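I am opening a notebook on a structure that is new to me. I will write down what I look up, in the order I look it up.

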Amino acid sequence: MAENNISRRSRRQRRRSKETIAALVVIVAMLVCMAAVVISLSFAGSGVEIPARQAAGTPIRVESGAQQTAQAGQAGETQGSSFRQLSDPFLVLVNDEVPLPDNWEVTPSFIGEETVDIRIYDQLNSMMLAAEEDGVSLWICSGYRSVEEQEIILDRDIKLHMNNGMSEDEARELALRTIARPGHSEHHTGFVVDLNDVDDAFEETDTYRWLCEHAEDYGFVQRYRSDKVDITGIDNESWHYRYVGVENARQMNELNMCLEEYVQYLKEQGVT
Ligand SMILES: [Zn+2]
């Protein structure tokens with residue numbers, strides 16, 4: 001009996017330990033599943049690996065490319081892929097109709113965590129320092145963007161829409177409403193910075209008022225303004241500044257012209 005009791009007890013113990021192991025296996029399996037779900041969800045948002053400086057939390061606002069075609073051709077020969085650029089590189093035109101010139105070269109130069117072409121570095125740096133001296137808070141949230149980076153941004157957005165059940169064509173169409181086609185973003189030039197918050201509220205800040213007064217002294221113009229949407233095809237962007245050179249910036253503001261108009265105007269003046 002005693003032996004029987006012992007063997008029954010040990011059988012019970014073995015059964016209990018088997019149950020414990022089974023329970024542990026189930027718990028571990030559940031944890032593994034949960035971890036897998038968490039990991040896959042966190043990757044679903046990004047879809048494509050993006051460069052470190054974008055992943056560092058800098059918001060990327062890419063100008064809309066979709067509306068741009070609406071007014072294409074309005075400025076005559078200033079549109080189209082056969083567009084003749086002026087010889088002054090600071091007046092290079094890039095929009096939804098006019099791609100970045102094939103031979104365009106950028107020498108990226110770091111300013112903070114972003115880069116711009118080395119040709120505008122000194123002027124941009126001077127503007128940043130002047131703002132600081134005036135007690136104005138100015139920072140660069142986005143600068144030079146390569147065509148490859150633009151492709152990554154576009155692909156990521158397309159995959160995001162496809163994950164939400166869209167076909168690839170639908171996803172691409174939707175993505176292109178808010179993201180410029182690779183090769184057609186002005187950020188490719190290296191002459192562009194998005195400043196501070198890529199947000200319409202930026203227009204209400206002292207920093208924006210300071211820029212309205214001083215940006216041209218450093219060769220920068222607000223590229224997309226509310227009164228030029230019918231020409232640029234892009235909504236008002238109080239944060240997007242384009243370097244065109246001091247004289248050009250002053251003249252553009254005086255003539256109240258956007259770059260499309262100004263380039264056309266110069267061509268009519270015989271500038272090549
Ligand atoms: Zn921009």
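**Entry 1: the whole chain.** I note before anything else that this is a predicted model. I counted the secondary structure and found nine helices and six strands. The chain has 272 residues, and 30% of them count as buried. I then looked at contacts with a separation of 6 or more, and 73% of these join residues 24 or more positions apart.

**Entry 2: helix α3.** I picked α3, which covers residues 118-133 and has 16 residues. From its first C-alpha to its last I get 23 Å, close to the 22 Å expected at 1.5 Å a residue. Which residues of α3 are buried? I list I120, L124, M127 and A131. Residues three or four places apart in an α-helix point the same way, because there are 3.6 residues a turn. I also checked what covers the buried residues of α3, and the cover includes strands β1 (108-111), β2 (114-117), β4 (192-195), β5 (220-224) and β6. Helix α6 (206-214) is included in that cover as well. After α3 comes G135, and its phi is positive, near 75 degrees.

**Entry 3: the sheet.** I traced an open sheet of four strands in the order β3-β4-β6-β5, and the pairing is antiparallel. Which strands stand at the edges? They are β3 (140-142) and β5; each has a single partner strand, so one side of each is left without a neighbour in the sheet. On average, neighbouring strands of this sheet are turned by 50 degrees against each other, direction ignored.

I went through two of the pairings. Between β3 and β4, which run antiparallel, there are two bridges, and I140 stands opposite L195 in β4. Between β5 and β6, also antiparallel, there are four bridges, and here F220 stands opposite Y243 in β6.

**Entry 4: the cores.** In soluble globular proteins, nonpolar side chains tend to be buried together. I looked for such groups here, and the largest nonpolar core has 31 residues. Which of its members touch the most other members? They are A215, F220, V221 and Y241. At least two residues of this core come from each of α3, β4, β5, β6, α8 (246-255) and α9 (259-268). The largest share is that of α3, with four residues. Apart from this core lies another, of seven residues, and I152, I158, A175 and I179 are among them.

I followed Y241 further. Leaving out residues up to four places away in sequence, Y241 touches V192, V193, L195, A215, F220, V221, Q222 and R223.

**Entry 5: N236.** My last stop was the loop between α7 (229-232) and β6 (237-243), where N236 lies. Why does N236 count as partly exposed? The reason is its 16 C-beta neighbours inside 10 Å, whereas a buried residue needs 20 or more and an exposed one has 12 or fewer. Beyond four places in sequence, N236 touches Y224, R225, S226 and V229. I also took the C-alpha to C-alpha distance from N236 to Q222: they are 9.1 Å apart in space and 14 residues apart in sequence.

Note on methods: Residues numbered from 1 in each chain as written. Predicted model: local features only at pLDDT ≥ 70, side-chain atom pairs only at ≥ 80, totals over all residues. Contact = placed C-beta atoms within 7 Å. Expected span 1.5 Å × (residues − 1). Pairing = 2+ DSSP bridges. Axes fitted to C-alpha atoms, helices over the stretch in contact; angles between N-to-C directions. Core = buried A, V, L, I, M, F, W, Y, C linked by C-beta atoms within 7 Å.
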